[in-house]
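Thank you for making time for this today. I would like to take you through one structure, slowly enough that someone who has not seen it before can follow along.

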Amino acid sequence: MAKKVIGSLKLQVKAQQANPSPPVGPALGQRGLNIMAFVKEFNAKTADIPPGTPTPVVITYYQDKSFSLELKTAPASYLLKTAAGLPPVGKRNRPKGSTKPGREVAGTVTVAQIRQIAETKMKDLNANSVEAAMQIILGSAKSCGIEVKG
């Protein structure tokens with residue numbers, strides 16, 4: 001018989017840097033899940049992702065207090081900002097886009113970089129082709145204040 005699903009939880013944790021401190025610890029602890037088991041499994045699964053990359057994860061937890069992880073790709077805005085070479089700033093140490101998108105340009109990316117990001121995120125996007133995924137990524141670039149050069 002299959003395990004009974006109690007619920008699911010979405011978190012965004014830096015790759016290879018999960019630890020039991022907030023927000024991970026309290027989010028898992030209040031559901032009665034083993035925090036250290038999550039930390040070890042998440043860090044092992046993200047071993048091939050560059051350290052510090054924000055990685056969304058969907059945690060499905062079951063009645064017997066076990067859980068399963070589903071890793072997603074990094075957010076499009078993060079991938080665009082790193083491709084544009086924007087320096088990390090702020091308390092989360094992430095690249096920052098333009099404060100006035102549409103009027104100020106924070107950085108530039110090429111169409112080839114847009115295609116690469118679209119192919120990377122294809123499994124998480126609601127698109128049937130790479131061209132449609134590129135349009136989604138172009139929209140994200142515009143809202144971040146990143147210019148696309150031909």
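I will start with the chain as a whole, then turn to its cores, its aromatic rings and a few points of backbone detail.

Please keep in mind throughout that what you see is a predicted model. The protein chain has five helices and seven strands, and, read from the N terminus on, these elements follow the order β-α-α-β-β-α-β-β-β-α-α-β. Along its principal axes, the C-alpha trace spans about 55 × 35 × 25 Å. Of the 150 residues in the chain, 37% count as buried. If we take the contacts with a separation of 6 or more, 61% of them are between residues 24 or more positions apart.

There is also an annotation to mention. An unreviewed UniProt entry carries the domain annotation "Large ribosomal subunit protein uL11 N-terminal", which covers residues 9-67. Over residues 9-67, the model gives 29% helix and 27% strand, with the end C-alpha atoms 10 Å apart.

Let me move on to the interior. In general, nonpolar side chains in soluble globular proteins tend to be buried together. Here, the largest nonpolar core has 19 residues, and those with the most contacts inside it are Leu80, Ile114, Ile137 and Ile146. Helix 3, helix 4 and helix 5 are the elements that give two or more residues to this core, and the largest share, five residues, comes from helix 5. Apart from this core lies another one, of 16 residues, which includes Val13, Phe38, Ile59 and Phe67.

Which residues of helix 4 are buried? In this helix, which runs over residues 111-121, they are Ile114, Ile117, Ala118 and Lys121. These four cover an arc of only 100 degrees around the axis, and therefore they lie on the same side of helix 4. On the face turned away from that buried side, we find the exposed residues Ala112 and Gln116. The cover over the buried residues of helix 4 includes helix 3 (76-83), strand 6 (107-110), helix 5 (130-144) and strand 7 (146-149).

We can look at that packing from two individual residues. Ile114, once we leave aside its neighbours within four places in sequence, is in contact with Leu80, Val109, Met134, Ile137, Leu138 and Val148. Val148, for its part, is found in strand 7, and, not counting residues up to four places away in sequence, Val148 touches Val109, Thr110, Val111, Ile114, Leu138 and Ala141. With a relative accessible area of 29%, Val148 is partly exposed.

Now to the aromatic rings. How many aromatic pairs are there in this model? The count comes to two. In the pair formed by Phe38 and Phe42, the ring centres are 5.6 Å apart and the planes are at 25 degrees, so this pair is stacked, the cut-off being under 30 degrees. Both residues lie in helix 2 (residues 35-45), where they are four residues apart, about one turn of the helix. Phe38 is buried, at a relative accessible area of 1%, and Phe42 is buried as well, at 0%. Ring pairs link Phe38, Phe42 and Phe67 into a cluster. A further ring to point out is that of Tyr62, over which the charged end of Lys3 sits, 5.2 Å from the ring centre.

Finally, some backbone detail. The peptide bond from Pro22 to Pro23 is cis, with omega near 5 degrees, and Pro23 lies in the loop between strand 1 (5-14) and helix 1 (24-29). Gln16 is found in the loop between strand 1 and helix 1, and its phi is near 65 degrees, a positive value in a residue other than glycine. Gln16 counts as partly exposed, at 31% relative accessibility. Lys65, located in the loop between strand 2 (54-62) and strand 3 (67-71), has a phi near 70 degrees, which is also a positive value in a residue other than glycine. The relative accessible area of Lys65 is 44%, and Lys65 is partly exposed.

Terms used
Residues numbered from 1 in each chain as written. Predicted model: local features only at pLDDT ≥ 70, side-chain atom pairs only at ≥ 80, totals over all residues. Heavy atoms only, no water. Buried < 20%, exposed > 50% of the residue type's maximum accessible area, 1.4 Å probe, protein only. Arc of directions from axis to C-beta. Contact = heavy atoms within 4.5 Å. UniProt positions renumbered as here; feature names shortened; annotations may be inferred. Phe/Tyr/Trp six-rings, centres within 6.5 Å; stacked < 30°, edge-to-face > 60°. Lys NZ or Arg CZ within 6 Å of the ring centre and 35° of its normal. Core = buried A, V, L, I, M, F, W, Y, C linked by side-chain atoms within 4.5 Å.
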